[in-house]
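Visitor: I have not looked at this structure before. Could you take me through it by question and answer?

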Amino acid sequence: MKKLQCSTAAKVCAVLVLLAAAFGAGVFGVRALISSVSITRSSWQYSSRFYSAIDERRRDLVEGIELSQTLEELEKQIAEGTANPLAYADAEALREEKARVEERFSRQNTWFRFRLLTDDGQTLLGTNLKDDEAISRTVKEMHYFSFELWDGSVNYDSETGDLGLSPSDANPEGETAPPMKLVLEYGVPEKVDDSIQDEFSQIWRLWDMDRSSFDQYLTGFLNLGALTLLALIWILWTAGHKSGAEEIVLTWQERIFFDVYAVIMIAAIVFLAFCTVGLAEQLYWSSASVYAAQSESYTSFYNLGVAGAGALFAAGVGCAALLLRTFAVRVKARCLGKTTLLCRVAAWMARTIHDFVRFLPFTWKMVLGFGGYTVCTLWLITQGRYGGGFILMYFCLQLVLLFFLAWWAYGYYRLRQGTKTIAGGDLEYQIDTTRMPYDLRLQAEDLNNISVGLAGALDEKMKSERFKAELITNVSHDLKTPLTSIINYVNLLKSTQQTDPKAAEYIEVLDRKSQRLKKLTEDLVEASKASTGVLSVTREKIGMGQLIDQALAEWEEKLSDRKLTLVSTLPEGETWVYADGRHLWRVIDNLLSNCAKYAMEGTRIYLDLERGKGQVALSVKNISRDPLNVPAERLMERFVRGEESRSTEGSGLGLSIARSLTELQGGTFDLAVDGDLFKAIVTLPQAN
Amino acid sequence: MYTILICDDDRDIVSALDIYLTSEGYQTVKAYDGREAIRAAETHEVHLILMDIMMPELDGIRATARLREGSNVPIILLTAKSEDTDKILGLNIGADDYITKPFNPLEVIARVKSQLRRYTALGGAEKGPGLITAGPIAMDDGAKVVTVDGEPISLTPIEYNILRLLLSHPGQVFSSTQIYEQVWNDPAYGSENTVAVHIRHLREKIEINPAEPRYLKVVWGLGYKIEKGA
C-alpha cells in the first residue's frame, strides 16, 4: 500500500488519466450542454435556431413583397411611359428576382407556410397554402407580422402591431397614396421530413439528432467525470508521499500562502469555467445558423470548438486538482494553518493581544475589564429601548460575565484546596493548574514550587535522620560486644575473694555503671528508631483500662518500694483506642519509670484516663523530687533531665522515646510543669 | 556430664562463658567462627551449642542451618541485634532459643539448663489424660503438679487455675475480665485488676526472664495468652 502510494509512475499515470478524462468529459459535456435544448423544449420549433430561421424567412418574404410592389410600380411607369429609359432592364432584373423568391416560397421547396392579408383580414393577397388548407391547422404555431407598404418601401411593424416609423416620417412630402396596411400570417408544420429539403427540415434533423444523442453525451460526460474524480482521489491520496521519506514531502506549491494560492486558482477556475460555458453558447448559436450548419468547413470548425471547450474544461479541472492537492498535502503535513496568510495574521494579532493582556498588571486588568463591562452594559441598556436584540445581547453579556466569574471562583477554590492540603502537611501535593485563570495559575505554580522545595528539604532531613539512626544502631551493636565482656567479667570479679575491702566497693561501682551503659545503649537504639519512624506500627483496637491494669501490675511493687502511692481514675467501662499495644506499653512504661526515678518519696502519683470528642487522654502527674528548672519542651529533648547533673540512673531518653512512639501511633504527647508538679498527657484517637 | 560448644569471635566472651559453664559442672568446647564450630560439633559429642550470629568466615545463622542438616542438638543464638526480625529468622532456621547481648550470665545458665533438660528428657513424662503441656510447661491436672523443664514449681490455687485456663486454650487471648470471671466464678465489677498482679507472679515463676516472656505472654491492652506451640 505504502509502496503504491509512493510510486512516481502511478502518480504520472494518474495525472495523465486525470487530464485525458477531464478533456473527454469536457467534450461530452459541451455537446451535452448544446443538445440539452432539444431535451428541455417540448418542440423543435421552440428552439432559437428555429426562431432565427423563421425570422430570416419572414424577412425574405417581406423583401419579396416589397420587390413585387416595386416591380408593379415600375411596370405601371413603363406602361405610362414615364419610366426611366433603362427601366425595362431593372424590371427584368426585378422580375427574375421575384421569380426566384416565388420559387423559394413555393410549396414544393419549403415547409414555410404563409398568408398575406390586408389589415382588415378581408382580402387575401397571397399564400402558398392549398385552397382547402387552413393555416392555423397546418402550422404548429402561428406567427403574425403586420407592416405598411409605402410606395414600394416597407414600414416595419412588429408582430405586436406597433409602428416602427410614423407614416409622415417615412414619406415627408405627404404624397397622396395612402400606405397599404398588410398582415402576414406564417408558420411551419410540426411534422416535417426530408421530402422537402430546406432549413426547417435541416433544423428538425439536427434537433432530432441532438435529442437521440443527448443520452449518449450525458453518459459519456458522467463516466469520464467519474474517472476524473477517481484520478483526482488517487492524486490526493498519494499527494506528499515519496519513497524514502517517512513524513510528508512539501513542494514549491506549499511555500505559497494557501489563501493566496486558492484565490489565484479559484479565479483561474472561474475564468476557465466562464470560457467553457461561453464557448458552448457560441457553438450553440453558431449551429443555429442554418447556412453554417450546412457548410462543410463548419463541421470541422464546430469540432475544433468542441475540442477547445474540452481543453478549457480539462485546464479548469487541472487547476482544481492542483489546488486540492496542495490542500491535501498541507492537511497531511498539518501545516494548513501555518501556511495560510490570514491564519498567520490572525494568530499574530491574537498573540499580541493575549500577551498584552497577560503582562498588564492585575490591577489594570481589573480596572480595564470592569470599565469595558460597564460601557458595554450601558450601551446595551440604552440601545435596548429600540430593539429586543440588544436586550438579548445584554443577557448574553451577563452570561459571559457569570461564566467568567465562575471560572475564577472555581480556580480560586482549587487554589484554596491545594493550599490547604499543602498546609496540612502533604508537601508532595501539586495543585492542578490546567484551565486556571492566568493570574491564579501564577500563584498556584509558585506555591507548587515552594512545596516541591519544602518536600525536598524534608526528604533530605528524613534521609539524614535515617542515616543517623542507622549510625546509632551500628555503633550500639559494636558497643554491645565489649559491654557483654565487661558485664560478664565484673560478675566474675564479684564472685572472687578480694583482699582489699575497698575492691568490693569499686567492683560495685563498675557493676552499676556497666548496667547503666547497657540501658543507655538500648535506649539509644530505641530512641533513634522511634524518632525516625523505622519501627513498624500495627494499630488495632486496644483496651486502655486493660493496658493500665497490666502496666500497674508491672510497676506496683517497684513504686511501693520507693514509697510512692498510685491513684488511678478510670471511667466506667472499657476505653478503646487505636494503637499499637507494644508501643503504647513502652510509653506508659517509660512514664511510670520516670515517676519511679524522679518522684519525691512519699508522694502520690495520679493516673487519670479521660474520654471525650473522639479522643482519649491519659495523664500521669507526680511531684518532682528535685526542682524542675527546665521548661517542659526541653524535657522532651534527648538527654535532657530535670536536674542537670547526671548522677541518677536515667538516660534522659525516656520522654523523647515516649513522645516519638505516641506520635508514631497518631497521638500527641504533652508535658506540663507547674512548680514541682510534673504532668504528662498522652492523647490518642478513640476507637468505637 | 554434658558438653557445651561455645562459639563467638570475641575470645573474652568465650572464656567468660567457659568459666561460668565449667563452674556449673559442664564440659566445654571452644570455637571462634562458624567453620570451627561445625568441625568441633563433628569431632566432639556435643549436647548444646551457644552460637554468636555475627562472626567472620561463616556467620551463626548459616552455621546453624548447616548443623541442622545432620543434628538436632539444641542451639542457643547469641545476638547483638535486638530487632524482632533477626530473632524470628534465627528461630526459623532451626535455633531453639536466643539471648541478646549484653547478656546476664545467670540468664545464660538458666537457658542452658532449660534446653538441656528438654533435650535429655527423651519424650518426657507419658501423656496422661490430665496432662496439659505447652513448651517446657507441663501440668498434671490430676496430681495438681506443674513442672517447667521437669522442675516442679509451686503455685497458689489462683495462679494454678489461671495457668490451667490459659494452657487449655493455647494461643487464645484472655482479658482480665474473662480470666476473673472464669477463675473466680464471679462477675468482675472492677476487681479484675488483681488478675494482672497474679499473672505477673505466675510469669516470674515460669519464665527465665519475666520482662521478656517466652511462654506466658502479655498482649498489651488486650489480655494474656500462652504461646501456641511454644
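**A sheet in chain B**

Visitor: How many bridges join strand S8 of chain B to S9(B)?
Guide: This is a predicted model. Strand S8 (residues 145-148) of chain B and S9(B) run antiparallel. One pair across them is Thr147(B), which stands opposite Pro152(B) in S9(B). The number of bridges that join the two strands is three.

Visitor: Is H6(B) roughly parallel or roughly perpendicular to H8(B)?
Guide: Helix H6 (residues 157-168) and helix H8 (residues 193-206) of chain B have axes 10 Å apart and pack at an angle of about 85°. Angles of 65 to 115 degrees count as roughly perpendicular. H6(B) is therefore, relative to H8(B), roughly perpendicular.

Visitor: How many nonpolar residues does the contact of H6(B) with H8(B) have?
Guide: H6(B) brings Ile158(B), Glu159(B), Ile162(B) and Leu163(B), while H8(B) brings His198(B), Ile199(B), His201(B) and Leu202(B). By class, two residues of this contact are polar and one is charged. The number of nonpolar residues is five.

**A hairpin and the contact between the chains**

Visitor: Which residue takes a positive phi in the hairpin of S10(B) and S11(B)?
Guide: Strand S10 (residues 216-219) and strand S11 (residues 223-226) of chain B pair in the antiparallel sense over four bridges. Val219(B) has Gly223(B) of S11(B) as its bridge partner. The hairpin has three residues between the strands, and the one with a positive phi near 85° is Gly221(B).

Visitor: Which residues form the covered face of S10(B)?
Guide: S10(B) has two faces, and the uncovered one consists of Lys217(B) and Val219(B). The covered face consists of Leu216(B) and Val218(B).

Visitor: Which elements give two or more residues to the side of chain B that touches chain A?
Guide: The contact takes 28 residues from chain A and 24 residues from chain B. By class, the side of chain B has 13 nonpolar, six polar and five charged residues. The elements that give two or more residues to that side are helix H1 (11-23), H8 and S10 of chain B.

Visitor: Which residues of chain B are in contact with Leu547(A)?
Guide: Neighbours within four places in sequence are left aside here. In chain A, Leu547(A) is in contact with Ile542(A), Leu584(A), Trp585(A) and Ile588(A). In chain B, its contacts are Trp220(B) and Gly221(B).

Visitor: At about what angle to S10(A) does H17(A) run?
Guide: An open sheet of five strands with mixed pairing has the order S7-S9-S10-S12-S11 (chain A). In chain A, strand S9 (residues 604-612) and strand S10 (residues 615-623) pair in the antiparallel sense over seven bridges. H17(A) lies across S9, S10 and strand S12 (677-685) of chain A, and its angle to S10(A) is about 15°.

Visitor: Which helix lies across S11 and S12 of chain A?
Guide: S11 (668-674) is one of the edge strands of chain A's sheet and pairs on one side only. The helix runs at about 145° to S11(A). The helix is H19 (residues 654-664) of chain A.

Definitions and conventions: Residues numbered from 1 in each chain as written. Chains lettered and ligands numbered in written order. Predicted model: local features only at pLDDT ≥ 70, side-chain atom pairs only at ≥ 80, totals over all residues. Buried ≥ 20, exposed ≤ 12 C-beta atoms within 10 Å, placed from the backbone. Pairing = 2+ DSSP bridges. Contact = placed C-beta atoms within 7 Å. Axes fitted to C-alpha atoms, helices over the stretch in contact; angles between N-to-C directions. Parallel < 35°, antiparallel > 145°, perpendicular 65-115°, else oblique. Nonpolar A, V, L, I, M, F, W, Y, C, P; charged D, E, K, R; others polar.
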